[in-house]
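Trainee: I would like to go through this structure term by term. Please set each value against its cut-off.

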Amino acid sequence: MFVKPNEAVYEGMIVGESARSGDMDVNATKEKKLTNMRTTTSDEMILLETPRQVTLELALEYIEDDELIEITPSSIRLRKRELNATDRRKRARNARALES
């Protein structure tokens, strides 16, 4: 995780990293819904790691070609070049079509 609890987030902002390759679109503000298959006690056992402090050096090592570093006086954030998830998928599809 790169963001702290109750920190403002927006679409296209990189909020964490995954063990899987590729990007994963998530809604970090959406509450986890409980189903009848899951109990609240199993959800209480989930431990989140403390958020990693994003420094300029870490951000420069981490970003890919389709990502940007957003630097403000109060924070350093990672974000996608194209903020809208639908537009990112369209752009990737068009890029693959041009390559072949």
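Mentor: Start with the polar contact: a pair of N or O atoms within 3.5 Å, where within protein one must be able to donate a hydrogen and the other to accept it, and residues adjacent in sequence count only if both atoms are side-chain atoms. The model is predicted, so local features need pLDDT of at least 70 and side-chain atom pairs count only at pLDDT 80 or more, while totals for chains, interfaces and linings use all residues. Residues are numbered from 1 along each chain as its sequence is written, and side-chain values use heavy atoms, with hydrogens and water left out.

Trainee: What makes the pair of Glu67 and Lys80 side chains a polar contact?

Mentor: Their separation is 3.2 Å, and the limit is 3.5 Å. The side chain of Glu67 also has a polar atom 2.9 Å from the backbone nitrogen of Glu64.

Trainee: Why is the pair of Lys80 and Glu67 called a salt bridge as well?

Mentor: A salt bridge needs a side-chain nitrogen of Lys or Arg within 4 Å of a carboxyl oxygen of Asp or Glu. For Lys80 and Glu67 the closest N and O atoms are 3.2 Å apart, so the pair meets the 4 Å limit. Lys80 lies in strand E2 (residues 76-80) and Glu67 in strand E1 (residues 67-71), so the bridge ties together parts 13 residues apart in sequence. Strands here are DSSP runs (E, at least two residues) and helices likewise (H or I, at least four), numbered from the N terminus.

Trainee: What does Glu67 contact beyond its neighbours within four places in sequence?

Mentor: With contact meaning heavy atoms within 4.5 Å, the list is Ile14, Asp23, Tyr62, Arg79, Lys80 and Arg81. Arg88 and Gly12 are 76 residues apart in sequence and 9.4 Å apart in space, C-alpha to C-alpha.

Trainee: Why is the pair of Phe2 and Tyr62 called edge-to-face?

Mentor: Rings of Phe, Tyr and Trp (its six-membered ring) pair if their centres lie within 6.5 Å; planes under 30 degrees apart count as stacked, over 60 as edge-to-face and the rest as tilted. The centres of Phe2 and Tyr62 are 5.3 Å apart and the planes stand at 80°, so the pair is edge-to-face. Phe2 sits in the segment before helix H1 (40-44) and Tyr62 in helix H2, 60 residues apart. The structure holds one aromatic pair.

Trainee: Are Phe2 and Tyr62 buried or partly exposed?

Mentor: Phe2, at 9%, is buried. Tyr62 has a relative accessible area of 21% and is therefore partly exposed.

Key:
Buried < 20%, exposed > 50% of the residue type's maximum accessible area, 1.4 Å probe, protein only.
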